[in-house]
Amino acid sequence: MDPPEQVDRACPGAGDSGAGNPCGCRTGPDGRKRPEWPARPADWCRSWGFPRKPRRHRPPERARRADMKIGIIGAGNIGGNLTRRLTALGHDVSVANSRGPHTLRELADETGATPVRAEEAARGAEIAVVTVPLKAVPDLPSGLFDEAAEGMVVIDTGNYYPRRRDGRIPGIEDEGLTESRWTERQIGHPVVKAFNGTYAQDLLDRHRPAGDPERMALPVAGDDEAAKRKVRDLIEQLGFDTVDAGGIDDSWRQQPGTPVYGLRGDADAVTHALAEASPERPEEFRG
């Protein structure tokens, strides 16, 4: 309900009457005295033909505050939908891809995100999301996080698909590194692994409020507990529960081919799936 002072500013007759008239109108457009105010304040001006001051549209899930500056490096399915959801929550999002800011204008117009070059995406960011094909990780600009905010957290959403996309990566195949540990070495910064087994469309369609019986849970792995907590808080803002999946050396539990990969389950189901995982990489995910 609008307080009277807000309606006053929308009314052409404001200031023409004495105190006590919430609409500020002594008479209607035809000169007749107002007989009686309508029951709903929203109709004070409308009932006499005066247009009400338009309200600024705000997406229903937008937060009342802009929480963080977030950089998203990669604007594919996951990166694009994270851009959509995080801007809707009120975060200040910069987004980059390998083809340049001019190719992101449509996404920027849709969401209000700022399209930038990859080397600018993490500038001032409290969280950076690296969501590019694994084979492209070594080609990311050097010094990518040099201008990030102190304590910036990197989220790694990547997966290793040697046969379909990435080719054989010796560090993963021969040294036995988890995909995220390999990514850490390439970018020179610790990561928190999240969203790698999440369907991109679920980010738009399957978020639910806390306590909803249909609310999904996502596994989150990382070595730094504070960084992991920050990522888990962000995911919970997005409308999903989280399950601590251990450190980065344990993140094989959520890699492609594991029970939790692509699972649409609650926290109990995710916890069980993580426990059922095998460290042996399935044949279809070997190079």
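Is Ala-96 buried or exposed, going by its relative accessibility? Ala-96 has a relative accessibility of 0%, so it counts as buried (buried means under 20% relative accessible area, exposed over 50%, partly exposed in between, with a 1.4 Å probe and protein chains only). The model shown here is predicted, so local features need pLDDT of at least 70 and side-chain atom pairs count only at pLDDT 80 or more, while totals for chains, interfaces and linings use all residues. Residues are numbered from 1 along each chain as its sequence is written, and side-chain values use heavy atoms, with hydrogens and water left out.

View 1. Ala-96 sits in E2, residues 92-96 (helices, H or I with at least four residues, and strands, E with at least two, are DSSP runs numbered from the N terminus). Look for Ala-118: it is 22 residues away along the chain, yet the two C-alpha atoms are separated by 5.0 Å. Setting aside neighbours within four places in sequence, Ala-96 has contacts (heavy atoms within 4.5 Å) that include Ile-72, Ile-73, Gly-74, Leu-104 and Val-116.

**View 2. The largest nonpolar core.** A nonpolar core is a set of buried Ala, Val, Leu, Ile, Met, Phe, Trp, Tyr and Cys residues joined through side-chain atoms within 4.5 Å. The largest one here has 30 residues, and Ile-70, Leu-82 and Phe-195 have the most contacts inside it. Elements that each supply at least two residues of this core include strand E1 (69-73), helix H2 (77-88) and strand E7 (217-222). Helix H8 gives the most, with five residues. Zoom in on Ile-70 and, beyond its neighbours within four places in sequence, you'll find it touching Leu-86, Val-93, Ile-127 and Leu-234, among others.

**View 3. Helix H6 and what covers it.** H6 spans residues 179-187, and seven of its nine residues are buried, so the helix is largely enclosed by the rest of the structure. Trp-182, Arg-181 and Ile-187 are among those buried residues. Their cover includes strand E5 (153-156), helix H5 (170-173) and E6. Just past the end of H6, Gly-188 takes a positive phi of about 70 degrees.

**View 4. Thr-198 in its loop.** Thr-198 belongs to the loop between strand E6 (191-193) and helix H7 (200-205). With a relative accessible area of 11%, Thr-198 is buried. Not counting residues up to four places away in sequence, Thr-198 touches Ile-78, Leu-203 and Leu-218.

**View 5. The largest pocket.** On a 1 Å grid over the protein atoms alone, a pocket is an open set of points with protein on both sides within 12 Å along at least five of seven lines, where a 1.4 Å probe fits; lining residues have an atom within 4 Å of a point. This pocket is lined by 32 residues, and Gly-76, Thr-131, Val-132, Pro-133 and Arg-165 lie nearest its centre. H2 gives the most to the lining, with three residues.

**View 6. An aromatic pair.** Rings of Phe, Tyr and Trp (its six-membered ring) pair if their centres lie within 6.5 Å; planes under 30 degrees apart count as stacked, over 60 as edge-to-face and the rest as tilted. That rule gives one aromatic pair. The rings of Tyr-161 and Phe-285 have centres 6.3 Å apart and planes at 45 degrees, so this pair is tilted. The partners are 124 residues apart, and the pair links distant parts of the chain. Tyr-161 and Phe-285 are both buried.
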